[in-house]
Amino acid sequence: MLSKLIPRTALRTSALASTKARVIPSINRPFNTTPVLPSKDSKMSSGPPKHEMQYFPNMTTAMPSKSGEFRRVLWTGLYSQVVLMTVPVGGDIGDEVHTVDQALTFTSGVGKATIAGKDQDVKAGDLVVVPAGTQHQFVNTGPTPLILYTIYSPAEHNPQTVHQTKEEGDEEEENGKDEAPEWSQKPKAENEKAGLVNTSGKY
């Protein structure tokens, strides 16, 4: 599948709807200390997105930093995916290469980005873009968690994915348990022909 990581030497590979907007409350939570939790959020849809607004308040303020989960998928669309990440003190995202484009916006903490061998210090308010097929790594270099939300295009993860730790995420990816859905990898023409997208905005 297009969303799988490209193996690299010395790198760990790691319908229809109302138009009413809804608020996503799942990220406003304290750090989770429960030892064993499900890696999938059954409350999140696993199918194509509804044609409605998805509203995430306070994404650049304190609220996202209250999430202690390493990775939580917030929304998955036909052509992109929004994921919230919390990198613990001394932690990292993992040295990897994706076959999808990725844009990361940092909301809390400080860290170091390494993209195609080039280092760059990052902090809250910064945006980093990683083109498809490009090596990348992000390390938390500060005394507090490094918080960010990232947009993949197209999707990289299962729409219901919740990983408490990096190790859990790595294991699921290696075992093929965190795959982007087939419907998120289809071309525009196919989605339009199937009626999933039309320019009238009526469904």
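Residues are numbered from 1 along each chain as its sequence is written. In this predicted model, local features need pLDDT of at least 70 and side-chain atom pairs count only at pLDDT 80 or more, whereas totals for chains, interfaces and linings use all residues; side-chain values use heavy atoms, with hydrogens and water left out.

The protein chain contains two helices and twelve strands, where helices (H or I, at least four residues) and strands (E, at least two) are DSSP runs numbered from the N terminus. Their order from the N terminus is β-β-β-β-β-β-β-β-β-β-β-β-α-α. Of the 203 residues in the protein chain, 45% are buried (under 20% relative accessible area; exposed is over 50% and partly exposed in between, with a 1.4 Å probe and protein chains only). The protein chain exposes about 10,600 Å², of which carbon and sulfur atoms supply 56%; the accessible areas come from the Shrake-Rupley method with a 1.4 Å probe, and for residues only the protein chains shown count as cover.

Six bridges connect E7 with strand E8 (residues 118–123), and Val110 is placed opposite Lys123 in E8. The hairpin of E7 and E8 has two residues between the strands, and Ala116 there adopts a positive phi near 50°. With E10, E7 forms five bridges; Thr114 faces Gln137 of E10.

The largest nonpolar core comprises 18 residues, and those with the most contacts inside it are Ile93, Leu104, Phe106, Val128 and Phe138. Such a core is a set of buried Ala, Val, Leu, Ile, Met, Phe, Trp, Tyr and Cys residues joined through side-chain atoms within 4.5 Å. Another core, of seven residues, lies apart from it and includes Phe56, Leu84, Ile147 and Tyr149.

One aromatic pair was counted, under the rule that rings of Phe, Tyr and Trp (its six-membered ring) pair if their centres lie within 6.5 Å, with planes under 30 degrees apart stacked, over 60 edge-to-face and the rest tilted. The ring centres of Phe106 and Phe138 are 5.8 Å apart and the planes are at 50°, so this pair is tilted. Because Phe106 belongs to strand E6 (residues 101–108) and Phe138 to strand E10 (residues 135–140), the pair ties together parts 32 residues apart in sequence. Phe106 is buried at 1% relative accessibility, and Phe138 is likewise buried at 1%. Beyond its neighbours within four places in sequence, Phe138 has contacts (heavy atoms within 4.5 Å) with residues including Ile93, Leu104, Phe106 and Val128.

How values were computed
Pairing = 2+ DSSP bridges.
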